[in-house]
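Dear colleague,

Please find below the structure that I am handing over to you.

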Amino acid sequence: MKFTSWIIALVFLPALVLAQKRTIVSIEGEKFYINGKPTYEDRSWQGYPVEGLLFNARMVQGIFDDLNEASRAQWKYPDTHEWSADRNTNEFVAAMDEWNRYGLLAFTLNLQGGSPLGYGNRDWINSAFDENGNLRTAYFQRLDKILLKADELGMVVILGLFYFGQDQHLKNETAVLRAVDNTMDWLFEKEYRNVLIEACNETDVNKYDHDILKTERIHEIVKRVRDKTKKGYRYLATTSYGGGTIPTSNVVKVSDYILIHGNGVGEPERITQMVKETKEVEGYSPMPIVFNEDDHYDFDEDINNMVAAVKSYASWGFFDFRREGESFEEGYQSVPVDWSVKSERKRSFFEKVEEISGGN
């Protein structure tokens, strides 16, 4: 090699080293591991084990955009009176350090987002796939920024593929399957190992257009993800269910972990019962149980949904949306999003995570 080539190699070597992925999520029994060590290693809280849990938050709008010109104006920022998908993702990435310092180790993204109003779907178009299941470059560039920062921080991303408010924009089942395969190929190419797959959000809500995304067949998508292996590894996968719903056996049998939701569950005792009932589903074997969506708080109370989950040895996730009349600082699902921890509700959640997990 010529001398000048050695100089070029030395100049770019630090950048190459930095580009190497550093965070690997794995599962052993009911515990999550990051880089071979259980999460929150040796941690307990009020006598209950915390080691192996995965505190998370629903941050599905991290790569949001609205491709419908007729509706995108409603997402404008209060300071600029314009919507910017790049600003949204950049501010998301900038906020991640603070989330992590509190002890948050995971968050949920979705390639088709979630309702930008908190609940309900209308005419907006927010999908990382075109109608044929091809990847939209701008979406995956934004996703790459978030996954790279998460990898740097040692954080895990629960990546949802489909959402019932947007799956109709894929024209047929072939396009759905192509979207799955293209996404997985992209993840393998990028060598991200800090990603867990959620096949679709709330498979049982009876609003999906494509049969393969509904309860009776969603296990086919979960299995399709699990069956793809490259470079000696595969991605861990499952799907999620609506608030208060217990997973069905066809999904439990093929899943690496279980996702359930606490929306609509106003009594913490029901959270405890949901964990118990999930473990009784045919085909269940010891694996992590994760609430990755719950819009019940009361973090200052001795018992709440989050505490009930921890006491049942299940991970818990914060779902926060902006209620009518609330300020811009509220809500992590309502667009435009303030990704900081400025509101009282957000602070209460993160402070509870820090109290239970010990923070970072």
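In this predicted model, helix α7 covers residues 268-279. Its 12 residues reach 18 Å from the first C-alpha to the last, close to the 16 Å expected at 1.5 Å a residue. The buried residues of α7 are P268, I271, M274, V275 and T278. Viewed down the axis of α7, these buried residues fall within an arc of 100°, so they line one face of the helix. An α-helix has 3.6 residues a turn, so residues three or four places apart point the same way. The buried residues of α7 pack against β13 (258-261), β14 (289-293) and α8 (305-311).

Helix α4 (residues 173-190) has 18 residues, which should span 26 Å at 1.5 Å a residue; its end C-alpha atoms are 26 Å apart, in agreement with that value. The buried residues of α4 include A175, L177, D181, W186 and F188. Among the elements that cover the buried residues of α4 are α3, β8 (156-162), β9 (195-200) and α5 (218-227).

N132 is located in the loop between β7 (106-110) and α3 (137-153). With a relative accessible area of 23%, N132 is partly exposed. Beyond its neighbours within four places in sequence, N132 is in contact with K171, A175 and R178; of these, A175 is one of the buried residues of α4. The C-alpha atoms of N132 and V25 are separated by 31 Å, and the two residues are 107 apart along the chain.

Some points of backbone geometry may also interest you. K231, in the loop between β10 and β11, has a positive phi of about 55° although it is not a glycine. This residue, K231, is exposed, with a relative accessible area of 55%. Y313, in the loop between α8 and β15, likewise has a positive phi, near 55°, and is a residue other than glycine. Y313 is buried, however, because its relative accessible area of 16% is under the 20% cut-off. The peptide bond from V335 to P336 is cis, with omega near 0°, and P336 lies in the loop between β15 (317-318) and α9 (344-357).

Finally, the count of cavities of 30 Å³ or more comes to 1. The largest cavity has a volume of about 40 Å³. Its lining consists of E30, F32, L53, M287, P288, I289, Y313, A314 and S315. By class, that lining has 7 nonpolar, 1 polar and 1 charged residues.

With kind regards

Definitions and conventions. Residues are numbered from 1 along each chain as its sequence is written. This is a predicted model: local features need pLDDT of at least 70, side-chain atom pairs count only at pLDDT 80 or more; totals for chains, interfaces and linings use all residues. Side-chain values use heavy atoms; hydrogens and water are left out. On a 1 Å grid over the protein atoms alone, a cavity is a set of points where a 1.4 Å probe fits but cannot get out, and a pocket is an open set with protein on both sides within 12 Å along at least five of seven lines; lining residues have an atom within 4 Å of a point. Grid points are joined across faces, edges and corners, and a volume is the space filled by probe spheres set on the points. Ala, Val, Leu, Ile, Met, Phe, Trp, Tyr, Cys and Pro count as nonpolar, Asp, Glu, Lys and Arg as charged, and the others, Gly among them, as polar. Helices (H or I, at least four residues) and strands (E, at least two) are DSSP runs, numbered from the N terminus. The expected span of a helix is 1.5 Å times one less than its number of residues. Buried means under 20% relative accessible area, exposed over 50%, partly exposed in between (1.4 Å probe, protein chains only). The arc is that of the directions from the helix axis to the C-beta atoms. Contact means heavy atoms within 4.5 Å.
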